[in-house]
Amino acid sequence: KKVARTTHFEVRRGTHLVDAGYDDKYSLIPKKLTKPLAWDEVIEWNNPILKIKSPAILDFGAGGKGYLVDIIGELLEENRIHSYCVDAGGDMRVRSESLKVGLENPLDTSRVIGVVEIKNESLCGSAGNRRKWAEFHHVISPETLSSPNDLLAVWVSASTTLLADLLTTALFFVTPEILQKHFEFEYLIIRPNFSIE
């Protein structure tokens, strides 16, 4: 099937990370960011059909890696492997054996700020220190068109890696108390003054 080309402007709407310079070439050269369209202006969901009404980039970074880790864990379990650790760059799922994990210091990656022990759960972390350029890092608010700077790092442990991964991103924008009304998880947040929640 031949794919119709769209104009440059149409493709770029709502692509904040790409426009900020976190593109497929990692140019790290920011362009002008614009407010995204509303969800229902771009996507229509009638289960099981997802219709894209306007050109868009679907970015699964806030949960995609965690979901992939869970899929790999489930494949291991289907093949009768019940004691394992799947670690995808710090997003990990541990089953059976207890594992001690160092929590990276976001200001000095050669050090840890502490150790957490996980068993039969998942752990994900996020910080703005590794993927940082200009005034941005890997999380950009669609409301302010800027990266949140009120926390240095966040870790979440939860029953699935998908949930832990999604919640680490959500905690950049929403207080833990709001999220704990809907999800069961534990968290650690480090603020810029190195205070800890």
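Predicted model: local features only at pLDDT ≥ 70, side-chain atom pairs only at ≥ 80, totals over all residues.
Biologist: Fine. How many helices and strands in the chain?

Modeller: Six helices and 11 strands. Those are DSSP runs numbered from the N terminus: helices are H or I with at least four residues, strands are E with at least two.

Biologist: And what does the C-alpha trace span?

Modeller: About 50 × 45 × 35 Å along the principal axes. The accessible surface is about 12,500 Å², and 56% of that belongs to carbon and sulfur atoms; areas come from the Shrake-Rupley method with a 1.4 Å probe, and for residues only the protein chains shown count as cover.

Biologist: What share of the residues is buried?

Modeller: 36% of the 197 residues. Buried means under 20% relative accessible area, exposed means over 50%, and partly exposed is in between, with a 1.4 Å probe and protein chains only.

Biologist: Pick one residue. What does Thr 168 touch?

Modeller: Thr 168 lies in H5, residues 161–170, and has a relative accessible area of 1%. Leaving out residues up to four places away in sequence, Thr 168 touches Cys 124, Gly 125, Ser 126, Val 154, Trp 155 and Val 156. A contact here means heavy atoms within 4.5 Å.

Biologist: Gly 125 and Trp 155 both show up there. How do they stand in the strands?

Modeller: Gly 125 stands opposite Trp 155 in S10. Six bridges join S7 to S10, and the two run antiparallel. Strands count as paired if DSSP finds at least two bridges between them.

Biologist: What about the other partner, S4? How many bridges to S7?

Modeller: Three, also with the strands antiparallel. In that pairing, Met 92 has Leu 123 in S7 as its bridge partner. S7 itself is mostly covered, with five of its seven residues buried.

Biologist: And how does S4 pair with S3?

Modeller: Strand S3 (residues 84–88) and strand S4 (residues 91–95) pair in the antiparallel sense over five bridges. Val 86 has Arg 93 as its partner in S4. The hairpin has two residues between the strands, and Gly 89 takes a positive phi near 65°.

Biologist: Which residues other than glycine have a positive phi?

Modeller: Arg 80 is one of them, with phi near 60°. Arg 80 lies in the loop between H4 and S3 and is exposed, at 73% relative accessibility. Phe 194 is another, with phi near 70°; Phe 194 lies in the segment after strand S11 (186–190) and is partly exposed at 33%.

Biologist: Where's the cis peptide bond?

Modeller: From Asn 47 to Pro 48, with omega near 10°. Pro 48 lies in the loop between strand S1 (43–46) and strand S2 (49–52).

Biologist: New topic, rings. How many aromatic pairs do you count?

Modeller: One. Phe 185 and Tyr 187 form a tilted pair, 6.0 Å centre to centre with 50° between the planes. The rule takes rings of Phe, Tyr and Trp (its six-membered ring) with centres within 6.5 Å; planes under 30 degrees apart are stacked, over 60 edge-to-face, and the rest tilted.

Biologist: Are those two buried or exposed?

Modeller: Phe 185 is buried at 8% relative accessibility, while Tyr 187 is partly exposed at 24%.

Conventions: Residues numbered from 1 in each chain as written. Heavy atoms only, no water.
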